Amino acid sequence: MRAIVVPAYGDSSVLEYAERPDPEPGPGEVLVEVAATGVNFIDVYHREGRYPMPLPLVPGNEGAGTVTAVGPGVTDVVPGDRVAWASVMGSYAAKVVVPAEKAVRLPEGLAPDLAAAVLLQGLTAHYLTHSTYAIRSGDDVLVHAAAGGMGLLLVQMAKLRGARVIGTVSSAEKEKLARQAGADEVVGYEGFTEAVKEITDGAGVHVVYDGVGATTFDGSLASLRPRGMMALYGAASGPVPPFDPQRLNAGGSLFLTRPTLAHYTATREELLSRANDLLGWVASGAVKVHISQRYPLAEARRAHDDLEGRRTTGKLLLIP
Ligand SMILES: NC(=O)c1ccc[n+]([C@@H]2O[C@H](COP(=O)([O-])OP(=O)(O)OC[C@H]3O[C@@H](n4cnc5c(N)ncnc54)[C@H](OP(=O)(O)O)[C@@H]3O)[C@@H](O)[C@H]2O)c1
């Protein structure tokens, strides 16, 4: 089968389109013929070696397709089932072995490319808005990179929960998309803290969802109201340097968390409960999925360059 391989850590030029042996499902695993693979920023971190893993590696964490074989002990997934998954390494490939406990069966009528486009970021937006900080109606919420894959979903879910949403973006095109997703106010990054203070009559927001990291972190903390929550869930602009907890006191008894999807889908029950909400909203149209680009799998380099170059909006897919 064809797959994308990272033989050594580095920039996008290390991504190779190569022939690999067909994988076989072991106990508790299923083999899936991939219809579409989701591109996520974490794929860039894996390619760069920010979270070191044995090399060579096949990157990619998300996809959807049709089960073609099941390993010993698998009873609740059968060949022919259409499934999607998140947090399964090796997804930039034509065939992927998925632990059965991570396979989410697609509801009738839901296209696999839509599922591959929404599962990882949608589950993340779900836990951030419902669990990390459970937004209450009337809360003020700040979402950075509001037109990105995560951003558009966070904006929509925050609106579903009744928040007033302020988004940051870097261009007029992104502003338009963030507003279409429901953002009440959209501002640039320059001076965003002052803009937030003005919009909230000096109070600050209840929660900041910050996946940008290095360049926004200080301003995000300064945008919070006393006892507000800083949900630092990523580092698209680079990692945040070491941090003095005293700053939380000075900022108003603030909370800081650095959450990740694995801990909020720790059991199959939790995974399916969040996926059920998410795919239900997608089916009903309550949450819209914006797929901005589809690349042939062979062109993963171009997808990474576009994502890192801030040229993208919404979701990017690779098609094997
Ligand atoms: N913790 C978790 O569970 C979890 C799960 C999924 C994703 N994430 C994180 O969520 C964040 C967003 O991921 P995504 O896949 O949805 O990507 P994305 O938001 O679609 O793309 C990244 C966006 O970040 C903004 N950005 C600001 N400064 C940047 C810089 N220096 N370089 C690149 N981008 C910059 C850009 O939007 P503007 O041009 O508008 O600034 C860019 O489009 C990432 O940090 C990712 O690691 C975390």
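In which sense do strand β11 (residues 205-210) and strand β12 (residues 224-232) pair, and over how many bridges? They pair in the parallel sense, over five bridges.

The model is predicted: local features need pLDDT of at least 70, side-chain atom pairs count only at pLDDT 80 or more, and totals for chains, interfaces and linings use all residues. Residues are numbered from 1 along each chain as its sequence is written, and side-chain values use heavy atoms, with hydrogens and water left out.

**View 1. The open sheet.** Six strands line up as β10-β9-β8-β11-β12-β13, with parallel pairing. Two strands count as paired if DSSP finds at least two bridges between them. Helices (H or I, at least four residues) and strands (E, at least two) are DSSP runs, numbered from the N terminus. The edges are β10 (185-187) and β13, each pairing on one side only. Twist averages 15° from one strand to the next. Strands of a sheet pair through backbone hydrogen bonds, either parallel or antiparallel.

**View 2. Strand β12 and its partners.** Val205 has Leu224 of β12 as its bridge partner. Tyr209 stands opposite Ala231 in β12. Three bridges join β12 to strand β13 (residues 255-257), and these two run parallel. Here Met230 is bridged to Leu256 of β13.

**View 3. A β-α-β unit.** β11, helix α6 (residues 217-222) and β12 make a right-handed unit. Right-handed means that, with the strands pointing away from the viewer, the path from the first strand over the helix to the second runs clockwise.

**View 4. Helix α2 against helix α3.** The axes of α2 (residues 112-132) and α3 (residues 149-160) come within 9 Å and cross at roughly 45°. Axes are lines fitted to C-alpha atoms, for helices over the stretch in contact; angles run from 0 to 180 degrees between N-to-C directions. The two helices are therefore oblique. Angles under 35 degrees count as roughly parallel, over 145 as roughly antiparallel, 65 to 115 as roughly perpendicular and the rest as oblique. Contact residues (heavy atoms within 4.5 Å) include Val118, Gln121 and Leu128 of α2 and Met150, Leu153 and Met157 of α3. The contact divides into eight nonpolar, six polar and no charged residues.

**View 5. Helix α1 against helix α10.** The axes of α1 (residues 41-48) and α10 (residues 300-308) come within 10 Å and cross at roughly 110°. α1 and α10 are therefore roughly perpendicular to each other. Phe41, Asp43, Val44, Arg47 and Glu48 of α1 meet His304, Leu307 and Glu308 of α10. By class, this contact has three nonpolar, one polar and four charged residues. Ala, Val, Leu, Ile, Met, Phe, Trp, Tyr, Cys and Pro count as nonpolar, Asp, Glu, Lys and Arg as charged, and the others, Gly among them, as polar.
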